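I opened the model to look at the ligand site first.

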Amino acid sequence: MQRLIQSIRGMNDVLPDATPYWRLLEDTAREVLAAYGYQEVRLPIVERTELFARSIGEVTDIVEKEMYTFTDRNGDSLTLRPEGTAGCVRAVIESGLARSEQRLWYQGPMFRHERPQKGRYRQFHQFGVEAFGLEGPDVDAEQILIGARIWRRLGLEGLTLEVNSLGTPAARAAYRAVLVDYLRAHFDQLDEDGQRRLEGNPLRVLDSKVPEMQPLIEGAPRLAEYLDESSRIHFEGLLEMLERAGVAYRVNPRLVRGLDYYEKTVYEWTTDRLGAQGTVCAGGRYDGLVEQLGGRRTPAAGFAIGLERIIALLEAGAQPRHHLPHAYLVVAAAGAETEALRLAEDLREALGGLRLVVNCGGGSLKTQVKRADRSGAELALILGDEERARGEVSVKRLRQDAPQEQVPLAALGAYLAGVLGLAQG
Ligand code: HAM
């Protein structure tokens, strides 16, 4: 036997058991986004490395340690996108879309070379939402409402919304200076990561989850006290809109996010049901990024949902599974394969939404009924010699104890419509 070539660590297959949850989430998100007038964009998976360095920030975990970067045959440094915002901003500048208001969404795989664990993968998927040309806070509130509506439509409960304001870059710079002084004064209490971040990205020290660091973090000066007037008014406006819209939130003054492009609003939706990887969706405002990447100054805000984490929540709940076949056509009459394919085509034509599997590859009646059972179908439709001679099929209920029924072919569509609750035509 040949040696099996295995998948790459942290990069997973999505198999038939799981795809219905993916479809449910994707369809729901798409419908909700359409209801808010957001339009889809499809963006490349590979971009120039410089794009991410300049947007996410040189001194972030993502850019320093986690990117899949390679040199292509032309000698250009390219990177598998670790997130979608940078590419989306590049696209709206390059296409000229950024000159007018835009509400956009995208979805697809993202790549980060993190240490894989439950809920954290090296290839993962996001549903991303971005709005350009709108100052907020109304559009910030709108995007939070989009998230809330998606959770509601999926029947997800118990998600917590944490919000914060990072202020303008100028306000943050002033705060940063104060924070660096404080952290320097307590240098020996910082762990290795903290000491490293002190110079490059001191705000990220506040994000540390290390228990020994918590007293130090608790005692640190607070960003909220250094917020500029415009950011304060923006944030208060957002909180009021959320209250009026009935969205529960918690202000978390320590919430800083791991990407450098944010200013003013930042937020995360979290759950306590997924262990350490509890953030299922995150985003905020990035008013400076379009300009930073070579466009005209354009306010912007967005968020991204981590699909794997939402799928994990859906799988843990008792969500309906809509992927199993309704019926399995057992072709037991000799030489009836062509007729069976034809019958199945007619039924699919007549009944919108019918999921019908036709037995292929022959087999005895017993074997085929076994296959029908294994397929998960509700019903076995049996076309045997006798049935064929009478112009009927026998219908066997696979999930209930009920007598087998004989149904004339001409009445089969109406019969199935009734039993399965499907619309005819
Ligand atoms: P992010 O916080 O880096 O933000 O990622 C957003 C979400 O993607 C996270 O909350 C998480 O659910 C999921 N995620 C991130 N890394 C992983 C991983 N290794 N495995 C599984 N899931 C993961 C962004 O990417 C920003 N672009 C969001 C945004 C859009 N901000 C403005 N617009």
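I sorted the shell around the ligand by class and got eleven nonpolar, seven polar and seven charged residues. For this I counted Ala, Val, Leu, Ile, Met, Phe, Trp, Tyr, Cys and Pro as nonpolar, Asp, Glu, Lys and Arg as charged, and the others, Gly among them, as polar.

A note on the basis: this is a predicted model, where local features need pLDDT of at least 70, side-chain atom pairs count only at pLDDT 80 or more, and totals for chains, interfaces and linings use all residues. Residues are numbered from 1 along each chain as its sequence is written, and side-chain values use heavy atoms, with hydrogens and water left out.

**Ligand site**

Which residues come nearest to the ligand? Of the 25 around it, they are Glu83, Arg112, Glu114, Glu130 and Tyr262. I took a residue as near if one of its heavy atoms lies within 4 Å.

I then looked up polar contacts (pairs of N or O atoms within 3.5 Å). A side-chain N or O atom of Glu83 is 2.5 Å from a nitrogen atom of the ligand. For a polar side-chain atom of Tyr261, the distance to a ligand nitrogen is 3.0 Å. Phe303 uses a backbone N or O atom, 3.3 Å from a nitrogen of the ligand. The protein covers 96% of the 660 Å² of accessible area that the ligand has on its own (Shrake-Rupley method, 1.4 Å probe).

Next I traced the shell to strands (DSSP E runs of at least two residues). Strand 6 (123-132), strand 10 (279-285) and strand 11 (300-306) each supply at least two residues. Strand 10 gives the largest share, five residues.

**Cavity**

I searched a 1 Å grid over the protein atoms alone for cavities, sets of points where a 1.4 Å probe fits but cannot get out. I found one cavity of 30 Å³ or more. The largest cavity holds about 40 Å³ of space. Its lining (residues with an atom within 4 Å of a point) includes Glu83, Arg81 and Phe52. By class, the lining has four nonpolar, two polar and three charged residues.

**Second largest pocket**

A pocket is an open set of points with protein on both sides within 12 Å along at least five of seven lines. Of its 22 lining residues, Arg172, Asn201, Leu203, Asp260 and Tyr262 are closest to the centre. Helix 6 (169-185) provides the largest share of the lining, four residues (helices are DSSP H or I runs of at least four residues).

Note on methods:
A polar contact is a pair of N or O atoms within 3.5 Å; within protein, one must be able to donate a hydrogen and the other to accept it, and residues adjacent in sequence count only if both atoms are side-chain atoms. Grid points are joined across faces, edges and corners, and a volume is the space filled by probe spheres set on the points.
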